[in-house]
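Here are a few quick notes to read alongside the coordinates.

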Amino acid sequence: MRRGETLSLRWENVDFGAKLIRVPARAAKNGRNIDVPMSDYVLGLLLARWNIGNAGGYVLPSPIANKHLTANVRCW
């Protein structure tokens, strides 16, 4: 996945049961739907992140309400 696709990932595009990350065409640089298989390691990371908090819809939320992290936002 590209950085922008990863940073804008929404929980609705994470399929824990199928172990897939579904990148919709509107978010993909190539304009096509992409299904990315998750390794057990990535699945574990996303489950841990889900348990920390999943409000707002983004896997990597920004400190700014209702937005996702970007390359310009520092989170430390």
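1. Burial first: of the 76 residues in the protein chain, 26% are buried. Keep in mind that this is a predicted model.

2. Now the layout. The protein chain has two helices and three strands, and starting from the N terminus they come in the order α-β-β-β-α. As for sequence range, take the contacts between residues at least 6 apart: 41% of them join residues at least 24 apart.

3. Have a look at Asn 13, which sits in the loop between helix 1 (3-7) and strand 1 (14-15). Is Asn 13 buried or exposed? Its relative accessibility is 13%, so Asn 13 counts as buried, given that the cut-off for buried is under 20%. Setting aside residues up to four places away in sequence, Asn 13 touches Leu 20, Ile 21, Arg 22 and Pro 24.

4. Then jump to Gly 57, in the segment after helix 2 (40-52). Gly 57 counts as buried too, because its relative accessibility is 18% and buried means under 20%.

5. What does Gly 57 contact once its neighbours within four places in sequence are left aside? The partners are Leu 9, Arg 10 and Trp 11.

Conventions. Residues are numbered from 1 along each chain as its sequence is written. This is a predicted model: local features need pLDDT of at least 70, side-chain atom pairs count only at pLDDT 80 or more; totals for chains, interfaces and linings use all residues. Side-chain values use heavy atoms; hydrogens and water are left out. Helices (H or I, at least four residues) and strands (E, at least two) are DSSP runs, numbered from the N terminus. Buried means under 20% relative accessible area, exposed over 50%, partly exposed in between (1.4 Å probe, protein chains only). Contact means heavy atoms within 4.5 Å.
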